[in-house]
Amino acid sequence: MSTRIAFLKGHGTENDFVIVPDPENAIDLPPAAVAALCDRRAGIGGDGLLHVVRSAAHSEAKDMATEAEWFMDYRNGDGSVAEMCGNGVRVFARYLQRAGHVTEGDLAVATRGGVKTVHIAKDGDVTVGMGRARLPEGDVTVSVGERSWPARNVNMGNPHAVAFVGDLAHAGDLYSPPPFSPASAYPDGVNVEFVVDRGPRHVALRVHERGSGETRSCGTGACAVAVAAARRDGADPAVTGAPVTYTVDVPGGTLVITERPDGEIEMTGPAVIVAEGEIDAEWLETLGR
């Protein structure tokens with residue numbers, strides 16, 4: 001390992017990430033090291049970490065290498081592994097463009113949630129094909145303090161509980177994971193979205209992301225919210241034959257979510273690289289011991 005490791009910092013609607021380019025998967029990133037890098041006081045700071053690896057060089061992505069050259073080895077801010085991160089994919093694509101690996105237009109990115117199609121537009125926005133939502137059966141309830149709400153169970157490659165509330169302040173401080181029931185609905189934890197209406201096909205959310213706490217944005221969460229809102233509003237593209245689009249305000253900005261009649265969901269929003277620098281490899285090695 002070299003004495004210095006390159007990193008970048010980026011965000012998508014203020015959901016921010018430490019980016020570690022590592023094409024050949026040569027850098028060891030144990031959970032403790034990832035958590036330290038994402039620490040906002042003792043490290044660089046981020047809601048998560050984007051480990052940029054060629055698919056062929058990673059055991060979890062080799063089977064996807066023929067479809068996508070690059071694998072987003074995504075980690076939550078606490079160091080745990082996650083299946084997908086919608087805002088992360090957009091920032092990942094922006095990094096690949098900045099590094100000269102891709103240009104404007106279409107590309108494919110491998111994730112633990114499958115291969116995602118990405119389009120980098122000339123105006124700077126990035127659109128990600130987020131796949132189809134699954135809507136597991138069964139009633140779910142989430143609560144904060146004395147309040148509780150029914151929630152829609154939506155899976156976007158990672159699990160979500162979407163609760164429509166009267167006021168986003170009802171979500172509380174979101175420092176700790178909001179309790180949910182039944183426990184069997186989410187054996188590995190869940191991302192919880194609290195949602196209010198802003199207008200026709202326009203909603204706003206706050207979110208607690210498992211492993212990260214409250215974040216300024218959550219791409220898969222925005223998709224889950226749009227799907228839940230569409231079903232609540234009687235707008236199922238598979239039934240109507242017409243795509244449905246929702247504007248989703250997050251604390252860090254705005255995302256536009258479209259669900260097509262074939263079930264495919266597209267998310268469009270900004271992606272920005274704000275800084276780059278070097279990590280002391282000795283410090284990082286010490287954290288992994």
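Mentor: Thr 13 is placed in the loop that runs between strand E1 (4–12) and strand E2 (15–21). The model is a predicted one, and in it Thr 13 has a positive phi of about 45°, although this residue is not a glycine. Glu 14 belongs to the loop between E1 and E2 as well. Its phi is also positive, near 70°, and Glu 14 is likewise a residue other than glycine.

Glu 14 has a relative accessible area of 36%, so it counts as partly exposed.

Another backbone feature is found in a loop elsewhere. The peptide bond from Ser 181 to Pro 182 is cis, with omega near -5°. Pro 182 sits in the loop between strand E11 (180–181) and strand E12 (191–199).

In soluble globular proteins, nonpolar side chains tend to be buried together. Here the largest nonpolar core has 53 residues, and the members that touch the most others are Met 72 and Ile 257. The greatest contribution to this core comes from helix H3 (residues 219–232), which gives nine residues. Leaving aside residues up to four places away in sequence, Ile 257 touches Ala 222, Cys 223 and Ala 226, and its contacts also include Val 244, Tyr 246, Ile 265 and Met 267. Thr 245 and Glu 266 are among the residues that Ile 257 touches, too.

Where is space left empty inside? Rolling a probe the size of a water molecule over the atoms shows where empty space is left. The count comes to one cavity of 30 Å³ or more. The largest cavity holds about 90 Å³ of space. It is lined by 14 residues, of which Asn 76, Met 84, Asn 158, Asn 191 and Glu 209 are the closest to its centre. The lining comprises five nonpolar, six polar and three charged residues. Strand E4 (70–76) and H3 each supply at least two residues of this lining.

Terms used:
Residues are numbered from 1 along each chain as its sequence is written. This is a predicted model: local features need pLDDT of at least 70, side-chain atom pairs count only at pLDDT 80 or more; totals for chains, interfaces and linings use all residues. Side-chain values use heavy atoms; hydrogens and water are left out. A nonpolar core is a set of buried Ala, Val, Leu, Ile, Met, Phe, Trp, Tyr and Cys residues joined through side-chain atoms within 4.5 Å. Buried means under 20% relative accessible area, exposed over 50%, partly exposed in between (1.4 Å probe, protein chains only). Helices (H or I, at least four residues) and strands (E, at least two) are DSSP runs, numbered from the N terminus. Contact means heavy atoms within 4.5 Å. On a 1 Å grid over the protein atoms alone, a cavity is a set of points where a 1.4 Å probe fits but cannot get out, and a pocket is an open set with protein on both sides within 12 Å along at least five of seven lines; lining residues have an atom within 4 Å of a point. Grid points are joined across faces, edges and corners, and a volume is the space filled by probe spheres set on the points. Ala, Val, Leu, Ile, Met, Phe, Trp, Tyr, Cys and Pro count as nonpolar, Asp, Glu, Lys and Arg as charged, and the others, Gly among them, as polar.
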